[in-house]
Amino acid sequence: MNDNNLKIIQVSDLHFLKDGETMYGANPVNRFRAFINDVNKNQRNADLVVITGDIAHNGIKESYQLFKEELKRLDLPSVIMIGNHDNREVVKAELSSVTKIDDDGFIQSSIEIKNHKLIFCDTVWDNENINNIHEGYYCLKRFNWLEKEILSFKSNSSIIFMHHNPMNVFMKSMDNYSFNDKDQEIIAKFLDKYSSKIKYLFFGHGHRPLSGKWKNVPYASLRGLLHARELDFDSDVENFKMEEPSYGIIFVNENNLTFHIHDFMNKGKIYEGDENYLGFPNID
Ligand SMILES: [Fe+2]
Ligand SMILES: [Fe+2]
């Protein structure tokens, strides 16, 4: 691959449980192993793997210990972010060797690589005394940090990663758990102001593949490794189903950003360049 092309793997919503436990019939550890096997084999020239949160389903120590053991098998460097199912303090304690903390104690960091700045935001509620808050939060301290990160980079090529969708996406069950109303208003103004310096925004959390543009910033997301959200735009209830687990492959250079979504566990037959292929096959 051209060395000037940045290649980033995004994976999200691992939802680790305790060893051997399953959710919706699937084992999160096995899914993550399959992901690592695939990436180690097929994406060896990637620069970075970004894990956009919900590492553990219940934010417990055992899940992070399990995750840490599995992560050792990944041959590429990685960035670990947290989601609403994670527990920030437990992550800091259990994954201290693989997470970066900002000056205010949030799990936020940035990397400058191949003329781009990648910014990893912590969008999780910050009062440890109240649990089970699933909306996204971004306080003033974090906005100040983000503003500094964007302004301190000379080029206009920042790419932002976060767990939550800050905007609504025309799907009630996702919009109920986007950023809370107040912070959504603030980030809308923030993106309006800095859109010319932000190349793209990636997030997880929704367990659905989608893309769009908000406040002049293009955005995309993808399914997680475990359960997917049912395509139902009107239901207030979160209904999940099993679809193909996927990861994202982001290629970036000065002129282009392309996001591929790979259903890596699909073992469908590959029809290799059939020269006699004249049209559509018979469809049942
Ligand atoms: Fe999730
Ligand atoms: Fe989430």
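Analyst: Start with pairing: two strands count as paired if DSSP finds at least two bridges between them. This is a predicted model. In it, the bridge partner of Ile160 in S7 is Leu201.

User: How do you know that S6 and S7 pair?

Analyst: The cut-off is at least two bridges. S6 and strand S7 (residues 198-203) are joined by 5 bridges and run parallel, so by that cut-off they are a pair.

User: What makes S5 and S6 a pair, and in which sense do they run?

Analyst: Strand S5 (residues 116-120) and strand S6 (residues 158-162) share 4 bridges, in the parallel sense. At least two are needed, so they pair. Phe120 stands opposite Phe161 in S6.

User: Why do S7 and S9 count as paired, with 2 bridges?

Analyst: The rule asks for at least two bridges, so 2 is enough. S7 and strand S9 (residues 217-221) run parallel. Leu201 stands opposite Tyr219 in S9.

User: What is the order of the strands in the open sheet?

Analyst: The sheet has 6 strands in the order S4-S5-S6-S7-S9-S8, with mixed pairing. Strand S4 (109-113) and strand S8 (210-214) each have a single partner strand, so they are the edges, and one side of each has no neighbour in the sheet. On average, neighbouring strands of this sheet are turned by 20° against each other, direction ignored.

User: Why is Ser157 called buried?

Analyst: A residue is buried if 20 or more other C-beta atoms lie within 10 Å of its own. Ser157 has 21 within that distance, so it is buried. Ser157 is in the loop between H4 and S6. Leaving aside neighbours within four places in sequence, Ser157 is in contact with Asn115, His116, Lys117 and Lys199. Ser157 and Val252 are 95 residues apart in sequence, and their C-alpha atoms are 10.0 Å apart in space.

User: Is Asp13 buried or exposed, and what is its phi?

Analyst: Asp13 has 27 C-beta neighbours inside 10 Å and therefore counts as buried. Its place is in the loop between S1 and H1. Phi of Asp13 is near 50°, a positive value in a residue other than glycine.

User: Is Asn216 buried or exposed?

Analyst: Asn216 has 11, so it is exposed. Asn216 lies in the loop between S8 and S9. Its phi is positive, about 70°, although Asn216 is not a glycine.

User: What makes the buried residues of H6 line one face?

Analyst: The buried residues of H6 are Asp183, Ile187 and Phe190. Seen down the axis of H6, they fall within an arc of 55°, so they line one face of the helix. They pack against H4. The face turned away from the buried side of H6 carries the exposed residues Asp181, Glu185, Lys189 and Asp192.

User: Which residues of H4 are buried, and how do you know that they are on the same side?

Analyst: Trp145, Leu146 and Glu149 are the buried residues of H4. They cover an arc of only 95° around the axis, so they are on the same side of H4. These buried residues pack against S4 and S5. Exposed residues on the face of H4 turned away from its buried side are Leu140, Asn144, Lys148 and Leu151.

User: What does H1 show when put to the arc test?

Analyst: The buried residues of H1 are Pro28, Val29, Phe32, Phe35 and Val39. Down the axis of H1 they fall within an arc of 120°, so they too line one face. They pack against strand S1 (6-11), strand S2 (48-52), helix H2 (61-71) and strand S12 (247-252).

How values were computed. Residues are numbered from 1 along each chain as its sequence is written. Chains are lettered from A and ligands numbered from 1 in the order in which they are written. This is a predicted model: local features need pLDDT of at least 70, side-chain atom pairs count only at pLDDT 80 or more; totals for chains, interfaces and linings use all residues. Axes are lines fitted to C-alpha atoms, for helices over the stretch in contact, and angles run from 0 to 180 degrees between N-to-C directions. A residue is buried if 20 or more other C-beta atoms lie within 10 Å of its own, exposed if 12 or fewer, and partly exposed in between; C-beta atoms are placed from the backbone. The arc is that of the directions from the helix axis to the C-beta atoms. Two residues are in contact if their C-beta atoms, placed from the backbone, lie within 7 Å.
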